[in-house]
Amino acid sequence: MASTAAKPVVPPKDLETFREHLRKSTRILALLGAGMSASSGLPTFRGAGGLWRTHEAMQLATPEAFDANPGLVWQFYSYRRHMALNAKPNPAHYALAELAKKKDNFLTLSQNVDGLSPRAGHPSGKLKLLHGSLYDVKCSEFFCSYFETDNYTDPIVPALAIPTDESDPTTTTALEARAKARELDISDESVALPELRIRDLPRCPTCKKGILRPGVVWFGEALPTNVMDDIDTWIAADKKIDLIMVIGTSARVFPAAGYIEEARAKGARVAIINMDRNDAGKGKLFKQDWFFEGDAAQIVPELLKGEIGELGEMMDLRDG
Ligand code: APR
């Protein structure tokens with residue numbers, strides 16, 4: 001008779017060797033990418049979901065795109081701010097946050113700008129945001145240093161509100177219609193984007209001249225110096241690193257991806273958690289490494305269970 005037992009999330013033998021190594025590890029890194037937030041409903045950059053309307057998401061994430069069309073780039077980022085605010089951290093975010101509280105020398109390097117790790121309670125001193133945050137904004141004028149953190153205003157200016165469908169025929173008043181209105185999906189090119197004038201975009205309160213821009217790191221831009229310095233100091237603090245977990249990233253963007261080899265050079269074993277075997281860093285997995293194939297939201301809590309126990313109700317209590 002065929003077995004009805006559910007297939008284990010990770011092969012038991014690998015789970016055992018990984019947990020044993022994690023238990024003994026004192027210096028641990030994690031490198032996170034968009035796949036970490038995929039099961040929270042946020043799209044990744046490459047592959048399916050990487051298109052926003054007719055634009056490659058990566059092509060909108062450049063200073064050149066902002067210079068050419070700040071309105072379009074702001075519509076893209078306003079949409080991402082809105083989606084991420086309405087998403088919830090998933091079990092992988094909570095599991096890593098718990099591990100960070102339990103292990104003194106565990107540092108997480110995240111390429112994600114969605115704010116889900118902080119919202120899962122990840123201690124801020126142990127979380128380095130390599131590419132900034134959707135909720136930071138700064139002035140786009142070269143000579144102005146205005147920078148604001150934790151700006152969760154959604155929409156950041158009224159003109160960037162997600163358009164809604166207020167044409168529900170069962171409503172009788174304008175107020176009721178607005179209450180029942182459905183947000184339109186502006187990532188779909190068949191939905192018209194609202195007209196935007198430059199003067200409707202968020203303006204710098206300090207220099208009064210520049211347009212504000214998202215405080216994320218765009219292609220061609222340097223990573224924040226203080227973040228890189230903190231990471232370098234952590235890496236240099238000891239001659240060895242025991243483990244690096246590479247979670248939900250295609251590891252193609254540098255310098256972020258370079259931390260994998262830096263950790264390996266200090267003796268770290270590498271554990272890759274990814275939906276796609278092709279992103280396991282072809283030819284780069286050594287015999288002592290692990291590849292765990294599947295959804296990070298399922299696999300990460302399973303891998304860390306020996307250290308953090310069951311996530312259970314701690315997930316319901318947070319992010320209220
Ligand atoms: N669980 C685990 N892995 C997943 C999941 C999931 N549920 N869903 C997707 N993945 C994997 C994909 O197989 C892919 O390897 O996540 C990875 C996402 O890769 P990218 O889209 O390239 O995202 P990321 O690696 O974070 O990109 C790096 O590039 O566009 C820039 O600045 C942006 O921070 C971003 C950087």
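**Close-up views of a predicted model**

**View 1. The second largest pocket is lined by 30 residues.** Nearest its centre lie L129, G132, S133, D136 and F147. The structure shown here and in the other views is a predicted model. The second largest pocket holds about 680 Å³ of space. Several elements each supply at least two lining residues: α6 (116-119), β5 (127-129), β6 (132-139), β10 (212-216) and α8 (225-236). Which of them gives the most? Strand β6 does, with five residues. By class, the lining of this pocket has 13 nonpolar, nine polar and eight charged residues.

**View 2. The largest cavity has a volume of about 50 Å³.** The count of cavities of 30 Å³ or more comes to one. Its lining takes in Q75, S78 and Y79. A run from A159 through L160, A161 and I162 to P163 also lines the cavity. I186, L193 and P194 complete the list. How do these lining residues divide by class? Nine are nonpolar, two are polar and none is charged.

**View 3. Helix α1 (residues 12-24) crosses helix α10 (residues 296-308) at roughly 45°.** The two axes come within 9 Å. The angle makes α1 oblique to α10. This crossing of α1 and α10 is right-handed. From α1, the residues in contact are L15, F18, R19, L22 and R23. They meet E302, L303, L304, K305, G306 and E307 in α10. The residues of this contact divide into five nonpolar, one polar and five charged.

**View 4. Helix α5 (residues 91-102) also packs against α10, with axes that come within 8 Å.** The axes of α5 and α10 cross at roughly 25°. Roughly parallel or oblique? The angle is under the 35 degrees cut-off, so α5 counts as roughly parallel to α10. The crossing of α5 and α10 is left-handed. P91, A92, A95, L96, E98, L99 and K102 form the α5 side of the contact. On the α10 side are A296, A297, V300, P301, L304, E307 and I308. Eleven residues of the contact between α5 and α10 are nonpolar, none is polar and three are charged. L304 and E307 of α10 are among the residues that meet α5, and both also meet α1.

**View 5. The peptide bond from D154 to P155 is cis.** Omega for this bond is near 0°. Where does P155 sit? P155 is in the loop between β7 (147-148) and β8 (164-165).

**View 6. A cis peptide bond joins F254 to P255.** Here omega is near 5°. P255 lies in the loop between β11 (243-247) and α9 (258-265).

**View 7. R53 has a positive phi, near 55°.** R53 is a residue other than glycine. R53 is placed in the loop between β2 (51-52) and β3 (55-56).

Terms used:
Residues are numbered from 1 along each chain as its sequence is written. This is a predicted model: local features need pLDDT of at least 70, side-chain atom pairs count only at pLDDT 80 or more; totals for chains, interfaces and linings use all residues. Side-chain values use heavy atoms; hydrogens and water are left out. Axes are lines fitted to C-alpha atoms, for helices over the stretch in contact, and angles run from 0 to 180 degrees between N-to-C directions. Helices (H or I, at least four residues) and strands (E, at least two) are DSSP runs, numbered from the N terminus. Angles under 35 degrees count as roughly parallel, over 145 as roughly antiparallel, 65 to 115 as roughly perpendicular and the rest as oblique. A crossing is left-handed if the near helix is turned anticlockwise from the far one by less than a right angle, and right-handed if clockwise. Contact means heavy atoms within 4.5 Å. Ala, Val, Leu, Ile, Met, Phe, Trp, Tyr, Cys and Pro count as nonpolar, Asp, Glu, Lys and Arg as charged, and the others, Gly among them, as polar. On a 1 Å grid over the protein atoms alone, a cavity is a set of points where a 1.4 Å probe fits but cannot get out, and a pocket is an open set with protein on both sides within 12 Å along at least five of seven lines; lining residues have an atom within 4 Å of a point. Grid points are joined across faces, edges and corners, and a volume is the space filled by probe spheres set on the points.
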